[in-house]
Amino acid sequence: MNRLPILRARPLAAEADDNLNVNEPLLTEWLIAFLRDEIVRRRGFSKAVVGLSGGVDSSLVAFLLARALGPENVYGIRMPYRTSSQDSLDHAALVAKATGINMETIEITDAADGYLNLCPEADGRRRGNVMARVRMIILFDQSQKLGTLPVGTGNKTERLFGYFTWHADDSPPVNPLGDLYKTQVWALSKYIGVPDVIVNKPASADLIVGQTDEGDFGISYPKADRILCYLLRGFTALRLIEMGFPEAEVAIVKRRLDSTHWKRHLPTVAMLSSTSINDYYLRPVDY
Amino acid sequence: MKIEVAVGQIKPRKGEYVSNLRRLGEMFEQIEADAPETQVLVLPETVLTGYFLEGGVRDLALTRSQLFDDLLRIYRECVQRADAVLDICLGFYELGEGKYYNSALYATLTSEIAEADSDHPRASILHVHRKFFLPTYGVFDEKRFVSRGRTVEAFPTRFGTVAVLICEDAWHSISATLAALRGAQVVYVVSASPGRDFGGTHVGNVARWNVLLPGIADEHNVWVVYAGLVGFEGGKGFTGSSQVIDPWGNVLVLGSAIDECLLQATVEMEDVATARASSPLLADLEAALGDITMELEQIARNPHRA
């Protein structure tokens with residue numbers, strides 16, 4: 001028998017990162033153009049302010065802003081609470097030094113505890129939300145003081161997981177990272193020069209000592225991102241399991257995704273007319 | 001016959017028609033100073049208002065004659081040369097016969113002195129193409145705000161027969177096929193294409209255009225002149241990448257995916273016949289048109305076939 005060579009198409013595989021790969025130089029150029037257009041051209045600001053947590057997301061935004069606006073026009077604000085780790089503060093300082101942006105430190109302990117002392121029963125979640133909302137107040141007030149625009153740092157994975165405080169972390173009017181999964185943030189951060197110590201450390205909201213994002217989720221970011229990527233493209237959970245994704249991991253991701261749609265929207269308004277805003281009366285954000 | 005073509009790849013200011021018109025006036029001045037040989041200026045889709053207007057289409061749509069009058073006025077204000085004549089092709093939101101459309105106007109503009117000279121062409125509207133395929137998926141919502149055009153036509157200009165397509169029109173191979181069958185030798189494509197997908201060498205939609213546009217040129221042996229919007233609108237960035245492609249599918253000049261620029265190219269109309277002589281695909285298509293028409297009629301008559 002004269003056997004033909006058999007060429008078999010590569011199946012979609014759970015472990016492949018193809019869909020998460022980014023062209024870092026192209027993406028960097030695009031995000032710099034985005035920041036310039038949205039901050040300077042559309043809104044008329046020449047400066048920006050960003051909360052510097054010492055984590056990879058805000059570090060990446062600081063690097064992008066420094067490139068987009070010039071480091072002298074960027075203000076990184078460290079906003080530690082008394083339980084915040086020294087590493088977080090040190091890493092934020094490292095970013096300010098590496099980028100040349102301005103850095104300020106504003107303790108939130110007095111402001112947060114002023115309220116929290118009235119609520120000794122508040123659990124970790126409530127305390128974390130209060131801290132995030134205090135930081136939001138400070139960021140907006142500082143931006144007013146400095147004549148700048150606050151820039152957000154939330155990534156796509158945490159937005160899809162609802163892993164943020166509503167109307168706090170998500171409130172700045174411009175966000176360059178909101179459509180990038182965490183693994184893509186890591187890739188871009190490495191490319192743009194965010195120090196390794198920041199890129200390689202476990203992601204943490206740093207609200208409770210020893211807390212990590214992945215510990216809270218019960219799944220690692222690379223695994224979650226691959227699953228999210230397929231779910232958002234319209235693949236069913238069943239198809240993902242057929243592809244080799246563990247059922248328990250698909251369930252974790254799907255549960256978080258399905259239970260947090262509300263966090264990605266503005267408040268629900270009772271529609272009472274045929275001119276209801278954003279239902280009938282439709283004008284884009286930059287109109 | 002040659003056409004000296006320029007493509008103006010610019011960022012409009014959202015909703016600011018008057019300011020964008022002034023910007024166009026500056027471009028007329030620059031062309032007169034830096035590229036006076038230009039005979040046709042092509043500008044992107046919705047270039048005088050921005051693309052994502054939602055209900056704002058009602059505020060900013062113009063009749064074709066309002067737009068033409070404004071273009072002619074600003075042209076005459078800005079150009080100095082007595083014999084100035086320029087064809088212009090650009091996208092705009094149109095109000096016509098009680099409906100809104102996403103349209104592209106092709107017109108001839110002249111200085112007042114040139115207009116008075118019988119040797120020069122008259123200032124006039126030559127054609128308005130209304131977008132045939134309205135994207136309404138994902139980030140796009142056109143069918144909600146504008147009506148669909150019903151025809152793809154080719155029309156005569158002083159440089160030969162041409163056609164205009166708007167953005168998604170060109171994503172359907174049938175549109176360029178209709179234009180070529182109607183006799184177009186140059187297909188002007190005006191577009192506002194928002195960038196998405198950054199995993200490859202080019203932004204995902206640019207990679208798609210880079211296949212589609214040379215495909216149109218190469219299949220029908222027509223010139224393709226593509227004008228893409230740039231700039232961000234509410235986080236959505238348009239990918240420019242304006243280009244001029246010869247009838248063999250070669251990209252002769254390519255604009256940035258991010259920045260404003262002015263492209264120039266010489267369109268040699270005789271290349272169309274040269275290319276078709278060695279690749280008679282359009283003639284083959286014309287020969288089979290009867291059978292294709294019967295096929296299409298059968299399909300159209302039975303849209304819900306099992």
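This is a short tour of a predicted model, stop by stop.

**Stop 1: where the chains meet**

Show chains A and B together. Their contact takes 18 residues from chain A and 20 residues from chain B. Colour the chain A side by class: eleven residues are nonpolar, two are polar and five are charged.

**Stop 2: two helices in chain A**

Select residues 221-233 of chain A, which form helix α10. The crossing of α10(A) and α12(A) is right-handed.

Now show the residues in contact. From α10(A), pick Lys223(A), Ala224(A), Ile227(A), Leu228(A) and Leu231(A). They meet Glu249(A), Val250(A), Val253(A), Lys254(A) and Leu257(A) of α12(A). By class, this contact has seven nonpolar and three charged residues, and no polar ones.

**Stop 3: the open sheet of chain B**

Move to chain B and find six strands in the order β5-β4-β3-β2-β1-β14. They form an open sheet with mixed pairing. Its edge strands are β5 (124-130) and β14 (261-268) of chain B, and each pairs on one side only. On average, neighbouring strands are turned by 25° against each other, direction ignored.

Zoom in on strand β1 of chain B, residues 2-9. Eight bridges join β1 to β14(B), and the two strands run antiparallel. Look for Ala6(B), which stands opposite Gln264(B) in β14(B).

Next, select residues 64-78 of chain B, helix α3. This helix lies across β3 (85-96), β4 (99-110) and β5 of chain B, running at about 35° to β4(B).

**Stop 4: the largest nonpolar core**

The largest nonpolar core has 160 residues. Those with the most contacts inside it are Leu65(A), Val42(B), Val187(B), Val190(B) and Val224(B). Helix α2 of chain A, residues 56-69, gives the most to this core, with ten residues.

Centre on Val42(B). Among the residues that Val42(B) touches are Val5(B), Val7(B), Cys89(B) and Tyr188(B). Val190(B), Val225(B) and Ala227(B) are also touched by Val42(B).

**Stop 5: a loop residue**

Finish at Leu229(B), in the loop between β9 (223-228) and β10 (230-233) of chain B. Is Leu229(B) buried or exposed? Leu229(B) counts as buried, because it has 28 C-beta neighbours inside 10 Å; the cut-off is 20 or more. The residues that Leu229(B) touches include Pro44(B), Glu45(B), Tyr51(B), Ser191(B) and Phe238(B). Glu45(B) is 184 residues away along the chain, yet the C-alpha atoms of Leu229(B) and Glu45(B) are separated by 6.8 Å.

How values were computed. Residues are numbered from 1 along each chain as its sequence is written. Chains are lettered from A and ligands numbered from 1 in the order in which they are written. This is a predicted model: local features need pLDDT of at least 70, side-chain atom pairs count only at pLDDT 80 or more; totals for chains, interfaces and linings use all residues. Axes are lines fitted to C-alpha atoms, for helices over the stretch in contact, and angles run from 0 to 180 degrees between N-to-C directions. Helices (H or I, at least four residues) and strands (E, at least two) are DSSP runs, numbered from the N terminus. A crossing is left-handed if the near helix is turned anticlockwise from the far one by less than a right angle, and right-handed if clockwise. Two residues are in contact if their C-beta atoms, placed from the backbone, lie within 7 Å. Ala, Val, Leu, Ile, Met, Phe, Trp, Tyr, Cys and Pro count as nonpolar, Asp, Glu, Lys and Arg as charged, and the others, Gly among them, as polar. A residue is buried if 20 or more other C-beta atoms lie within 10 Å of its own, exposed if 12 or fewer, and partly exposed in between; C-beta atoms are placed from the backbone. A nonpolar core is a set of buried Ala, Val, Leu, Ile, Met, Phe, Trp, Tyr and Cys residues joined through C-beta atoms within 7 Å. Two strands pair if DSSP finds at least two bridges between them. Lists of a residue's contacts leave out its neighbours within four places in sequence.
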